[in-house]
Amino acid sequence: YSEAFRCEAKCLGLTQDEYIKYLDLLAEEKDAGIAVYICKNDKTEKRFDNAIRNVIAFQKKHGIEMTR
């Protein structure tokens, strides 16, 4: 597990601490999206919007390009 974790971080050009932060941001984005699905209101939409902005800002700062 730890070897795979280090490899994933390296593939993204992140330190292990940065990768942990990135995973936390992605988890918050997912949780906020679920909250909107369950109970869509101004508060949950704002949380989701902020989570998306935080992920995008992190990706831009660290040069992470998401391709499909």
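Which residues does Glu18 touch, not counting residues up to four places away in sequence? Glu18 touches Gly13, Phe58 and His62, where contact means heavy atoms within 4.5 Å.

This is a predicted model, in which local features need pLDDT of at least 70, side-chain atom pairs count only at pLDDT 80 or more, and totals for chains, interfaces and linings use all residues. Residues are numbered from 1 along each chain as its sequence is written, and side-chain values use heavy atoms, with hydrogens and water left out.

## Helix α2 against helix α3

Two packed helices are described by the angle between their axes and the distance between the axes. Helix α2 spans residues 16–38, and helix α3 spans residues 42–62. Helices here are DSSP runs (H or I, at least four residues), numbered from the N terminus. The two pack at an angle of about 155°, with axes 8 Å apart. That angle makes α2 roughly antiparallel to α3, a label for angles over 145 degrees. Axes are lines fitted to C-alpha atoms, for helices over the stretch in contact, and angles run from 0 to 180 degrees between N-to-C directions.

The crossing of α2 past α3 is left-handed: the near helix is turned anticlockwise from the far one by less than a right angle. On the α2 side, the contact residues include Glu18, Tyr22, Leu25, Leu26, Ala32, Ala35 and Val36. On the α3 side they include Thr44, Arg47, Phe48, Ala51, Ile52, Val55, Phe58 and His62. The residues of this contact divide into 11 nonpolar, 5 polar and 7 charged. Nonpolar here covers Ala, Val, Leu, Ile, Met, Phe, Trp, Tyr, Cys and Pro; charged covers Asp, Glu, Lys and Arg; the others, Gly among them, are polar.

## Residues along this contact

Glu18 is found in helix α2. Its relative accessibility is 26%, so Glu18 counts as partly exposed. Buried means under 20% relative accessible area, exposed over 50%, and partly exposed in between (1.4 Å probe, protein chains only). Glu18 and Phe58 are 40 residues apart in sequence, yet 9.4 Å apart in space, C-alpha to C-alpha.

Ala35 also lies in helix α2. Ala35 is buried, because its relative accessibility is 17%. Leaving out residues up to four places away in sequence, Ala35 touches Lys40, Thr44 and Arg47. Ala35 and Lys21 are 14 residues apart in sequence and 21 Å apart in space, C-alpha to C-alpha.

Thr44 sits in helix α3. Is Thr44 buried or exposed? Thr44 is buried, at 11% relative accessibility. With residues up to four places away in sequence not counted, Thr44 touches Ala35, Val36 and Cys39.

Lys60 lies in helix α3 too. Lys60 counts as exposed, with 68% relative accessibility.

## Helix α1 against helix α2

Helix α1 covers residues 2–11, and Ala4 has its place there. The axes of α1 and α2 come within 9 Å and cross at roughly 85°. These helices are therefore roughly perpendicular to each other, the class for 65 to 115 degrees. Phe5, Arg6, Glu8 and Ala9 of α1 meet Gln16, Tyr19, Ile20 and Leu23 of α2. This contact divides into 5 nonpolar, 1 polar and 2 charged residues.

Ala4 is partly exposed, with a relative accessible area of 41%. The C-alpha atoms of Ala4 and Gln16 are separated by 11 Å, and the two are 12 residues apart along the chain.

## Cysteines

How many disulfides are there? The count comes to 0 disulfides, a disulfide being a pair of cysteine sulfur atoms within 2.5 Å. Cys11 is in no disulfide, and the nearest cysteine sulfur, that of Cys7, is 4.2 Å away. The table lists the accessibility of two cysteines and other residues.

| Residue | Relative accessibility | Class |
|---|---|---|
| Cys11 | 67% | exposed |
| Cys39 | 40% | partly exposed |
| Ala4 | 41% | partly exposed |
| Lys60 | 68% | exposed |

Definitions and conventions:
Angles under 35 degrees count as roughly parallel, over 145 as roughly antiparallel, 65 to 115 as roughly perpendicular and the rest as oblique.
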